[in-house]
Amino acid sequence: MQPAPEPVPAPSHASSTVELGDLKRILVRRRFLIFATAALLTLVALFYGLFTPALYSSVAEIIIDPQDLQVVTNDVNPSRVPPDGGITIVESQVAVVQSTGVLLRAIQATNLTEDPEFNGQGGLLSHLLGSGSAETDKTANTLDALRRRLAVKRADKVLVIDVIITAKSPDKAAKLANAIAQAYLADQASARAQAATEASKSITARLDEQRRRVQQAENAVEAYKSANNMVMAAGNLVSDQELTEINTQLSAAQSRTAALKAQVDQLRRSGGAPDATSEAMRSSVISSLRAQEATLVDQVSQLGTELGPRHPSMIAAQQQLRDTRALIARELARIAAAAETDYERALANQQALEAKVAGMKSKSLDTDQASVRLRELQRDLEAVRSVYATYLQRAQETREQINVDSTNARIISDAMPALKKSWPPLPLLLIGALFGGLGLGTGMALIAEYSSPTVLSRAQMESAIEAPVLGVLPAKTGRRRWWPFGSAMPAGQKMDAVAGLALRRLFSASRRPPDWPLVPSILVTSPPQDAAQRGRVARLLANAAAARGSRVLFIDTSAGSGKKEPQPGLLDVLRGEYAFEALSQHTPGSNVAVLGGGRPKAGVSEAQSVYFTQHMLAQAGRSFELVVVDGGALADNLNASPLVAMVDEIVLVATLNSTPMRDVTAALQAISVMGRLPTGAMLVDEAA
């Protein structure tokens, strides 16, 4: 008789990652570690919060305007607002507030070196180490302690700096915060005064040198003028001034000569009628004589009509008219003569001025070359004087700035004693410790799980054994699970259904020949620690088949192994000592017959055991329709190897989130050593 045919290998399943359900199983299984870690951290936080001395924080607020006060035009510290609105400047001032200089000012103002809380003299460790004996050590310790208790912050998009001090006393915290704020303002004022002082000293030191340079330039100019006989008046050469004045006079003389010449030419062109000239018209004497002449003409005309040409009055009037006209002629001649005289005099004056200008120009040409060098010396003198004047003015401004504080910063909120402690925040510590402990415990649980992985899911099991999982059974039959739609399903009924489906899946995929003489058989095995679950699964499969009317033989290879005098069973049949029919016992009221493990008193040869196994299964086919074998842990039960070679199906049982994967691998190796592969697996879910 040939061995049972090998089942067709199941398709290989890809390894799966951990799913949310697997993670839930891990956390539930490791819940004691998680809760213990959270409880421990919470207790530590509670003890810390209860026994740690309370600390109080106070805040002083300083507003800093990047644009300083404009006290003078040329300030030593120029006020320029950067493109970022002064945020960079204020951020720099945050570092200044924490600087050593500012903190030392605050320490000195509050006499903080004598405070045991800050000078490092109040602790046991400092006494043991013997530190703090020198004054410098006290100051350094105080400075370090103050830095640890100090926090300087700037809120986003504002120019306000918060100076936060934490101390054991609320009054002390407020006092220190205000002292640091005042120390910062004093430090800024001192720094600006120091900058102005240094600038003033530097400029003053340069004043003497600039004064000597001015004197040297002036002496050079005077020496050059003396050497070249160049007399200056009002900053210019006297010869140049004279030439300018004479040129002005010459221009005026030329204008006058031209005007007089035009007048003479007009008189000359008038010929016998000089009274028609403009000079005659403007003359008051001519005008008076013309009026008198007109009167006499009217009088003569009237007298000639009334008295006749020979009347004495007529003759006297005519004589007066002739005399008047003679006076007019003489006045016109005098005007013409005066014009000629004025023209000749103006022409002579013009010629004299032209001669003088020509002489002075020739003299000026001789001094032009010397004037070039003189103007160069004068420009040097003016430049040196300008620099000297600038230095002198700047020195005066910087001396005044020493006593003027242009810092545009002020304290907008003085620190007040805190009403509540800032440390330790017990509720926050407890909440943080609780959630931190839960997170740490979860991490430790995951580390513990993946350092020794267990069976987490169906897909993982299928990937490990390369065979399908036939079903998942709940761990306990007494529990009930409420389904989402509100209907309850008994756990025992559910296990029967799962076992029935598992049997259907097993034998629907089986390729037993129709005339195969051996009874259909299933061997159930598991790792050693899953013995109880393996027994349950084997009995469930037997009961499920019996419940459907099949006669079932249940072989329990581990039954009787712990008794002092075990009863005859499977091993006795495999040795040929007992007949199979004589040892199988029917359970009253059921279709199940039970065969125990037998007595392991003597060894059985492999060939003999295979023969009797085939004979047993052939005989069982006459009375039973299914054989279910609880094969135990095959890695420890070598007596079941003949059954492994002859059965149709091999089912591996494991517990979800409990059975280590290394034990599953060991069971697979044991089955493969016996020449077979598992055809399926049944999983037990302890959380179901």
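## Basis of the model

The model is predicted, and local features need pLDDT of at least 70, side-chain atom pairs count only at pLDDT 80 or more, while totals for chains, interfaces and linings use all residues. Residues are numbered from 1 along each chain as its sequence is written, and side-chain values use heavy atoms, with hydrogens and water left out.

## A nonpolar surface patch

Leu33, Leu41, Leu440 and Met444 form a nonpolar patch on the surface, whose accessible area together is about 300 Å². Helix H2 (31-51) and helix H13 (426-451) are the elements that give two or more residues to this patch, and Leu440, which lies in helix H13, is partly exposed at a relative accessible area of 44%.

Patches are made of residues with over 30% relative accessible area and no salt bridge, where like charges are joined within 9 Å and nonpolar side chains (Val, Leu, Ile, Met, Phe, Trp, Tyr) within 5 Å; a salt bridge is a side-chain nitrogen of Lys or Arg within 4 Å of a carboxyl oxygen of Asp or Glu. Areas follow the Shrake-Rupley method with a 1.4 Å probe, and for residues only the protein chains shown count as cover. Buried means under 20% relative accessible area, exposed over 50%, and partly exposed in between (1.4 Å probe, protein chains only). Helices (H or I, at least four residues) and strands (E, at least two) are DSSP runs numbered from the N terminus.

## Packing against helix H8

Helix H3 (residues 87-97) packs with helix H8 (residues 170-227) at an angle of about 110°, their axes being 10 Å apart. That makes H3 roughly perpendicular to H8, and H3 passes H8 in a right-handed crossing. Helix H4 (residues 100-110) also packs there, with the axes of H4 and H8 coming within 8 Å and crossing at roughly 125°. That makes H4 oblique to H8, and the crossing in which H4 passes H8 is right-handed.

Axes are lines fitted to C-alpha atoms, for helices over the stretch in contact, and angles run from 0 to 180 degrees between N-to-C directions. Angles under 35 degrees count as roughly parallel, over 145 as roughly antiparallel, 65 to 115 as roughly perpendicular and the rest as oblique. A crossing is left-handed if the near helix is turned anticlockwise from the far one by less than a right angle, and right-handed if clockwise.

## Backbone features in loops

The peptide bond from Trp423 to Pro424 is cis, with omega near 0°, and Pro424 is found in the loop between strand E6 (409-413) and H13.

Asn111 is not a glycine, yet has a positive phi of about 55°.
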